[in-house]
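Hello,

Here is the structure I promised to pass on. Have a look at it first, and then read on for what I found in it.

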Amino acid sequence: MSKLLLFLFTSFGFSAFCAVHEIKMLNKGSDGEKMVFEPAFLKANVGDTIKFLPVDKGHMVEGLKNPGALPAGIKAWKGGLNKEVTVVLEKEGVYLYKCMPHMAMGMVGLVVAGKASNFDAAQKVKFTGKAKMRMDDYLKKAEALK
Ligand SMILES: [Cu+2]
């Protein structure tokens with residue numbers, strides 16, 4: 001009996017409550033934009049897992065170290081070039097990340113886990129050029145989840 005319950009709990013626990021989301025690192029997105037994460041804006045839940053997939057070569061992903069770019073207590077991760085990276089969304093809030101080699105081409109992204117509770121701080125992180133244009137768009141979507 002207890003084994004059965006444990007089985008039900010673990011299998012349902014993972015499938016029903018903790019989703020795995022894939023974000024592709026691409027030279028060209030499905031909308032024709034160059035050097036993108038897809039999707040670059042993602043709404044997920046606390047406890048979910050994000051898998052960054054190096055579909056095209058030459059990309060990497062790292063969490064921004066700027067104050068407020070990640071929920072309090074989350075350490076910025078840094079993936080290697082052409083490496084798959086798994087990030088568990090352990091805390092509620094906004095997670096800002098980038099591909100260092102293509103930051104100037106606007107290769108940035110944003111995940112919200114649950115509510116965008118650190119939105120005001122995340123909004124203060126400075127971006128320039130194309131990265132700013134894209135991030136402003138993602139932030140607008142995140143603002144609705146405050
Ligand atoms: Cu890149």
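Strand E1 (residues 20–28) pairs with E2 in the antiparallel sense, over 4 bridges. Here a strand is a DSSP run of E with at least two residues, a helix is a run of H or I with at least four, and both are numbered from the N terminus. Two strands count as paired if DSSP finds at least two bridges between them. E1 and E2 form a hairpin with 5 residues between them, and Gly-32 in the turn has a positive phi of about 90°. Lys-28 has Lys-34 as its bridge partner in E2, while Lys-24 stands opposite Glu-38 in that strand.

Before I go on, two notes on the model. It is a predicted one, in which local features need pLDDT of at least 70 and side-chain atom pairs count only at pLDDT 80 or more, whereas totals for chains, interfaces and linings use all residues. Residues are numbered from 1 along each chain as its sequence is written.

E1 also pairs with strand E4 (residues 49–53), this time in the parallel sense and over 5 bridges. Lys-24 turns up again here, with Leu-53 as its bridge partner in E4. These strands belong to an open sheet of 4 strands in the order E2-E1-E4-E6, with mixed pairing. Its edge strands, each pairing on one side only, are E2 (34–38) and E6 (85–88). From one strand to the next, the twist averages 15° (axes are lines fitted to C-alpha atoms, for helices over the stretch in contact, and angles run from 0 to 180 degrees between N-to-C directions).

Another open sheet has 4 strands in the order E3-E8-E7-E5, and its pairing is mixed too. Here the edges are E3 (41–44) and E5 (62–63), each of which pairs on one side only. E7 (residues 93–98) and E8 (residues 108–113) run antiparallel and are joined by 6 bridges; Val-94 has Val-112 as its bridge partner in E8. Helix H3 (residues 129–143) lies across E3, E7 and E8, at about 15° to E8.

As for the whole chain, there are 3 helices and 8 strands, running α-β-β-β-β-β-β-β-β-α-α from the N terminus on. Among contacts (C-beta atoms, placed from the backbone, within 7 Å) between residues at least 6 apart in sequence, 68% join residues at least 24 apart.

Happy to chat about any of this.

Best wishes

Technical notes. Contact = placed C-beta atoms within 7 Å.
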